[in-house]
Amino acid sequence: MTVNLPPVYEPKEVEDKIYQFWLENNYFYAAREEGKKTFTIVIPPPNVTGSLHMGHALDNTIQDVLIRWKRMQGYDTLWLPGTDHAGIATQNKVEEHLASEGLSRYDVGREKFLQMVWEWKEEYHGRILKQLYKLGVSCDWSRERFTLDEGCSKAVREVFVSLYEQGLIYRGDYMINWCPRCHTAISDIEVEHEEKSSTLTHIRYPGVDWAGSIVVATTRPETMLGDTAVAVHPEDDRYRHLVGKKVMLPLMNREIPIIADEYVDPSFGSGAVKITPAHDPNDFEIGLRHDLEAIKAIGDDGNMTPEMGEYAGMDRHEARERVVKDLQKLGLVEKIEDYSHSVGHCQRCNTEIEPLVSLQWFVKMKPLAEPAIKVVKEGKTRFIPERFTRTYLNWMENIRDWCISRQIWWGHRIPAWYCSCGEMIVSRTDPERCPACGGGDLEQDPDVLDTWFSSALWPFSTLGWPDKTPDLEHYFPTNVLVTGYDIISFWVARMIFMSMAFMKDIPFEEVCVHGLVRDALGRKMSKSLGNGVDPLEVIDKFGADTLRFTLITGQAPGNDQRFRYENVEASRNFANKIWNASRFVLMNLEDFRPQGLPADLNRHQRWILDRYVDTVEQTNMLLEKYELGEAAKTVYEFIWGDFCDWFIELSKVPLYGKDGPEKEKSKAVLYYVLEGTMRLLHPFMPFISEEIWQHLPRKGKDKALITSSWPKPEGNLSDKQARMEMNLVMQVIRAIRNLRSEIGFPVGKKAAVILRAPAKYLRLLYQEEVFIKKLAWAEGVTFIDTIAKKPPQALTAIVDEIEVYLPLGGIIDLEQEISRLEKELQGVEKDLKKVVAKLSNDNFLKKAPGNIIEKEKNKHDELDSKRKKLTTRMTELKKLL
RNA sequence: GGGCGAAUAGCUCAGUGGGAGAGCACCUGCCUUACAAGCAGGGGGUCCGGUGUUCAAAUCACCGUUCGCCCA
């Protein structure tokens, strides 16, 4: 065959074409083949809010590596793709868009608004898919899902009603986190705490039925308007006598009681605290214990409520200043000190969260958490790396009830209806009549569910649950979930407890946790910083294989990585290297028909095959352990270091020579190794490997690399002898190159070489003569045995028991050579000293394992012989001075 | 307050109970008919500090320092 590939790899010419080829041949489709082991991954569904970022690129590349690897290993693989409706986030986007036209969602109405969100969803869903195609992911697109599609919605409805019937979902007035900007309740984990410098205001409340006053300290003076008590610790002697008495709440002129509660920390501030049950989670608890009224001072919009007299309608921050000012006028502010404390912010819009009491829906978590804790403790679901188990358990064991209702429109509407008679109906099907009064005046709850409620069902709702589908039967539980550590509690934990509750089984066996992709300076990539790198841009400029390889090699399990263009370039260079090595092989495979490996392999061939099987084994082992970065590096080192730098160079001798049979053997091995290496490379760099593979003059019926098999070397190709011999030969070549370079002898210019070696090595070296000549630019190699006289005016190097001489006569500076040897001798003596110390230690000899002692002894002999040879040589040279 | 992580070459980071590694950067020499996105050679490190366990610690344990993250 004739091959004419360009010398620079152009991903653009290849990638779209190859992806199309895979799609057209349906290679990603999971055929549900009986008798095959399954390997299933469900994608962490990206939000339809916007486009994919580097984190998605990493997450999906990891999944694709695993899926391609398992597919080639012959598993019945399913990678199920999909997207998430992302309630608040998506709704915010569309509202922003509306706001730019001066409209709010209320102006357009619920129905019209939802239609607009669906349009938005369609657009971004399309973009996301295009991005995933570009990245080269091999998802089964025929099974794609969306959290708001019919099937997922059915699952959501079933779970909600079922949990309600079991008493695990309830509705009630409790303290929740309210985002005044998103205008909805959010769950505890959607609140991000941020340390802020603020002030601690000490306010004096005058006594009513006693003389004197009591001082309370607060970071939120404006909430005092809603105070309904002052609390002290029951054992605090300073205040014990005041418990049960009353103080006058300034500004509001309301009498409130002094109560005693264990919660109060006597060492904080004055030891007395104001209690605002409507605006602080702890105060709310105290309020319940003491039956206090919860007076709402701040409304849903973040402004003071109408009941707050002259402060009514004022923004909460403005009210804070006014309240302090007014209290100061009354002389009731004791002092204001600087204080730092953590303030909750909305994860979606960064607005300060307002804790307030509100009528919401909740999931009772304790009973659901228990089995979810158990399966992880029993190791049925494992986190990788293992340390994330603690993150998970820590959260699960301290879980609180989950507020699941959201006051937005985009999402799964809560399946509860209220009748004018006061009856509430929770139902799997939309009710038409009230079962209590028979009336038809029913109104559905206007709220929707937390997005994570539907994502929590993802591993089984996407496979068809609550129906008993063949897919669910066949592919559940899934094998591995790949995700970032930032959503372990949001998502991973919830999938586990929902799966335990409804499937009575784990959702996945392993959770492969990765870190974040940061910018080159180590900062989180964010819109506001504008430091995000668009994966599409990188793909466009460098190719998807390059981006994938960069992300994979930059990744150590569970650790963050920085995205740097230096690394991208290194990966790009690697792709080009692969391309050129393949070009070289293909250029030499004219009229070649693969017929398996020849029988009488030479040393180089046995060596590269030994390296190849070792690489396959290593790569496989690392993939098993989810060490994808190390696995990719192993392949990199083999291709660049062993195959290109050595084997291809060595092969040039027979390929360019006249020995026909040797030439054919070379072709056969080059082909064999390149073909196998493309299979090994495929999960990491699917495009270039498929492209090259398609150019190979293959035997066999496989039409595509993607569905061919994972390398399984023929027979036993491991060859210890070849390995040892080649190591020696390579060391000799390196030693010669090194000597030449030491004195600035130009590369390519020939120089004579003398090798003085013991008899056992002479044959080996003689056989390798032509290769030593080529790779070390030797004019000729003279072999002498150890009794032969050494060349006088020559550079010296010692490799094992072999002495390497470069007899360069006049151009050698003897003094310089002596001092060079002296330096080397010092190094040898330093190492020798360490070894001697070990070997003369009785405890070492007694307790260290045999192979270690053996190793140290060998090392000792080698160093000692080298020391002797160097010393002798130095004395000889000194005589010449 | 509780938990977790990081600290290794100039930079970014792997690694591991038994001779300190990679990529990039740097220095030297090369257009050697696959590749200058390349080839050959080189310099450069108290593996954060301390204590302990061990025949052996950069690696394990404990204490500390600095930085980062998560949770309350």
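Contact here means that heavy atoms lie within 4.5 Å of each other. The structure described is a predicted model.

Arg 316 is part of helix H8, which covers residues 316-329. Its relative accessibility is 5%, and a residue is buried when this value is under 20%; Arg 316 is therefore classed as buried.

Apart from neighbours within four places in sequence, Arg 316 is in contact with Pro 180, Glu 222 and Ile 298, with Gly 302, Asn 303 and Met 304, and with the run Thr 351, Glu 352, Ile 353 and Glu 354.

Val 191 belongs to strand S7, residues 191-206, and counts as buried because its relative accessibility is 9%.

Val 191 and Val 343 are 152 residues apart in sequence, while their C-alpha atoms are 9.3 Å apart in space.

## Surroundings of Thr 90

Thr 90 lies in helix H3, formed by residues 87-99. The relative accessibility of Thr 90 is 0%, so this residue counts as buried. Beyond residues up to four places away in sequence, Thr 90 touches Val 48, Thr 49, His 85, Val 117, Trp 120 and Trp 410.

## A three-stranded parallel sheet

Three strands form an open sheet in the order S15-S23-S22, and their pairing is parallel.

The pairing of S22 with strand S23 (residues 508-514) is parallel and comprises six bridges. Within S23, Phe 508 is the residue that stands opposite Thr 478. Helix H2, residues 54-72, lies across S22 and S23, and runs at about 155° to S22.

## The surface near RNA strand B

There are 43 residues around RNA strand B, of which Arg 390, Arg 562, Arg 572, Glu 630 and Lys 847 come nearest. Of the atoms of RNA strand B that come within 4 Å of the protein, 63% belong to sugar and phosphate. By residue class, the surface near RNA strand B comprises 17 nonpolar, nine polar and 17 charged residues.

An N or O atom in the side chain of Lys 847 is 2.3 Å from a phosphate oxygen of RNA strand B, and one in the side chain of Asn 738 is 2.8 Å from a phosphate oxygen of RNA strand B. For Asn 580, a side-chain N or O atom is 2.6 Å from a sugar or linking oxygen of RNA strand B. The elements that contribute two or more residues to the surface near RNA strand B are helix H17 (565-587), helix H19 (628-656), helix H22 (720-742), helix H26 (842-847) and helix H27 (850-880). H17 contributes the most, with eleven residues.

Technical notes
Residues are numbered from 1 along each chain as its sequence is written. Chains are lettered from A and ligands numbered from 1 in the order in which they are written. This is a predicted model: local features need pLDDT of at least 70, side-chain atom pairs count only at pLDDT 80 or more; totals for chains, interfaces and linings use all residues. Side-chain values use heavy atoms; hydrogens and water are left out. A residue is near a molecule or strand if one of its heavy atoms lies within 4 Å of it. A polar contact is a pair of N or O atoms within 3.5 Å; within protein, one must be able to donate a hydrogen and the other to accept it, and residues adjacent in sequence count only if both atoms are side-chain atoms. Helices (H or I, at least four residues) and strands (E, at least two) are DSSP runs, numbered from the N terminus. Ala, Val, Leu, Ile, Met, Phe, Trp, Tyr, Cys and Pro count as nonpolar, Asp, Glu, Lys and Arg as charged, and the others, Gly among them, as polar. Buried means under 20% relative accessible area, exposed over 50%, partly exposed in between (1.4 Å probe, protein chains only). Two strands pair if DSSP finds at least two bridges between them. Axes are lines fitted to C-alpha atoms, for helices over the stretch in contact, and angles run from 0 to 180 degrees between N-to-C directions.
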